[in-house]
Amino acid sequence: MPNDEDILEALRSSIGLVALVYICRLYIKLLTFPSTILSSTSRTELIKQAVNDRYNSNHTTENIMMVTNMIEINKDIVNRALLLSDFHENTIKPDINHISMDVVNDLILFPFTNTCVNCTKLLTSYRYKLIHIIDCFKILRAIAVTAECKPCSLIYNHSSWYSLKYRWRKINGLSLNSTLKVFYLCDSFGFTFSVFFDYTCQLLHDQCPFQSFSRILIDRYHYEHQNYNIILQPIPLAKLFQGHWLLYQIVRFEFMLGRSQIVNLPVSLNRNELNYHFETYSGWWYHLFTTFWSRHKSIPNIKCSPSDCSRCVIVDGHQKCRRLVCNFKNVVDTSIEEMTAIEIGCPYTPCRRTESSNSVDSIYCRYHQPSILLSPSLDLKKAGDMAAQFSTWDKDFLSVHKSQCQNYRNDSEEISKNKTYGILASYHPCGVAIGFMEAVKAEGMRSVTRHLLLMIISGCFMSDALMYDCACALKLHWNKWLGTDMLKSSPITRQLPIHLALDNFHQKTHSRPMCQTIMKADHPSHEGRFIGLNSQAAEQAFQYISRAKFALRNFSFPHSTTMMLIMLHLLNCKTAGINSETIGLGSLHFGDIIKDFFVTPCMYERFGTLNNEELNKDGDDGHSDLDHNVTSEDIS
């Protein structure tokens with residue numbers, strides 16, 4: 001009776017070791033098909049063809065049949081020796097640096113490089129940490145390995161490298177393109193690219209809030225019995241997932257639209273650090289967004305028609321995503337020289353009373369609490385007075401317009417319950433968003449003008465034609481104030497659209513004589529600029545945002561702006577047929593006009609002087625957008 005070694009040697013000598021392993025795996029796999037579907041003769045022929053194609057060999061049917069017959073007779077031996085079907089049921093757990101590591105089943109997240117990106121010296125001081133990876137259908141055990149470059153004081157992990165001394169984290173193309181397709185920054189959890197993609201698809205198609213998605217994941221884990229005894233709660237998991245997903249999408253966004261080969265992130269997921277990062281980067285991200293998407297017609301092989309998609313700009317406001325904001329109204333923007341000063345309101349979320357801090361005023365944010373003494377400068381006071389005067393003048397002028405046309409927008413409109421007006425957004429007729437702005441106060445002509453000027457200043461290629469449901473009031477506003485301190489003439493204002501028209505739907509409700517003549521889209525003075533275009537592109541795009549309103553309302557500034565930026569970018573990619581994970585597309589086509597990174601001042605810096613104690617307070621207002629010192633202890 002031949003022993004196991006004799007049988008395996010006979011198989012090896014008959015067909016060769018490499019081909020034998022392949023035939024064994026293929027034969028066992030094909031055995032799952034019943035003979036009524038795949039006969040033994042057909043199975044043999046299929047194996048012969050596959051082996052000969054793979055190894056460029058000339059095995060005959062008789063050779064393959066002899067081998068498969070021996071495999072069939074000795075399936076148990078072959079399975080144990082070659083297929084190792086129980087391989088993943090075994091555990092091999094050496095202790096490395098006091099960490100029990102299952103080298104067979106655990107994911108090992110090594111640093112993305114073994115040399116320092118600064119000095120190119122070999123990394124040293126390896127450390128190991130047990131973490132868990134969140135996937136679509138299961139939680140995976142993993143060992144996160146970090147290494148250090150001591151001369152540079154840098155620490156490297158699987159997806160990034162960072163400096164604790166200078167409080168920054170960096171990601172490049174090599175660190176992002178993980179062979180394991182895992183995104184891990186810090187703490188006790190990482191995420192697979194698949195779970196990010198799963199959420200992105202649900203966001204684009206079903207408008208799935210983060211908390212709902214976290215409940216779906218938890219239910220899947222329970223159903224599949226794949227939670228590794230980790231007890232997850234929906235709200236902490238939603239916060240954790242949201243922070244990682246946002247940062248991952250920001251990295252993809254910068255790699256696609258920017259010129260840099262390295263993306264900067266905050267060193268930790270602490271809420272204050274994320275707030276500061278989102279605010280200081282918001283202006284540069286907006287520059288990348290509007291510079292790229294306002295010129296997207298020049299990208300080859302896009303889905304929309306290059307001849308029509310950029311012929312005009314369609315401006316509209318949307319109120320369904322309104323969120324609670326601070327009741328302090330006298331916040332002034334002086335960053336646009338052409339407008340001198342304009343009241344914009346405070347975008348921060350009101351504080352919430354808790355048992356530990358029941359003395360706060362719940363209609364004001366942390367910066368405008370009555371107990372905090374702001375010290376505005378003389379220039380800031382002067383700008384506030386001037387902005388208030390401009391608002392009064394514009395309100396008086398609007399009253400004349402209201403007597404002649406029932407359609408208007410008022411910057412001084414009072415919004416109930418201290419909510420924002422929503423957003424102002426500009427679209428091309430193809431449905432691609434080219435600019436947006438959160439309207440904290442209201443959708444008046446000064447706000448619309450500010451929105452357009454910010455787009456131009458940020459790098460937008462502005463069409464000379466604009467369609468808006470109150471284009472008549474906007475045209476009269478520009479005719480009245482252009483060339484005054486309220487709207488100074490400059491190269492920037494000269495880029496404002498010249499041809500203004502009402503869309504066909506709203507034009508019928510306007511009563512002013514000009515609305516029935518020169519403001520019509522088909523008036524000869526427009527020289528056909530609006531003929532044949534989709535004038536409802538903004539309204540159609542807002543249907544998606546309307547369905548996502550409950551998710552968007554839960555964000556507080558600046559996460560509300562960041563989330564809107566990422567959502568519109570992903571929707572634009574879908575509309576134009578562009579892969580959102582493409583790297584270097586912006587620099588390839590618009591590298592000469594894309595700016596290097598520049599810092600945007602935080603909004604609270606416009607409020608006046610705050611003492612350091614107030615600035616360093618934890619800004620947790622009770623909202624559930626990003627509170628990120630979440631570890632395994634918080635989850636379990």
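The report below takes up a sheet, a pocket, a cavity and a helix in turn.

## Basis of the model

This is a predicted model, in which local features need pLDDT of at least 70 and side-chain atom pairs count only at pLDDT 80 or more, while totals for chains, interfaces and linings use all residues. Residues are numbered from 1 along each chain as its sequence is written, and side-chain values use heavy atoms, with hydrogens and water left out.

## The sheet and its helices

Five strands form an open sheet with mixed pairing, in the order E16-E15-E12-E17-E18; helices (H or I, at least four residues) and strands (E, at least two) are DSSP runs numbered from the N terminus, and two strands pair if DSSP finds at least two bridges between them. The edge strands, each pairing on one side only, are E16 (433-439) and E18 (499-501). Strand E15 (residues 422-427) runs antiparallel to E16 and is joined to it by 6 bridges, and Gly422 has Ala439 in E16 as its bridge partner.

Helix H12 (residues 445-457) packs on the sheet, where it touches E12 (313-318), E15, E16 and E17 (465-468), and its direction makes about 135 degrees with that of E16. Helix H17 (residues 559-576) lies across E15 and E16, running at about 160 degrees to E16. Contact means heavy atoms within 4.5 Å, and angles run from 0 to 180 degrees between N-to-C directions of axes fitted to C-alpha atoms, for helices over the stretch in contact.

The largest pocket has a volume of about 1000 Å³, and of the 40 residues that line it, the closest to its centre are Ser282, Arg450, Leu454, Thr600 and Arg606. On a 1 Å grid over the protein atoms alone, a pocket is an open set of points with protein on both sides within 12 Å along at least five of seven lines, a cavity is a set where a 1.4 Å probe fits but cannot get out, and lining residues have an atom within 4 Å of a point. Volumes are the space filled by probe spheres set on the points, which are joined across faces, edges and corners.

The largest cavity holds about 100 Å³ of space, and its lining includes Gly422, Phe436 and Met564. H17 gives the most to this lining, with 3 residues.

## Helix H13

Helix H13 (residues 471-481) is largely enclosed by the rest of the structure, because 8 of its 11 residues are buried, that is, under 20% relative accessible area with a 1.4 Å probe and protein chains only. Among the buried residues are Trp478 and Trp481.

Note on methods:
Buried < 20%, exposed > 50% of the residue type's maximum accessible area, 1.4 Å probe, protein only.
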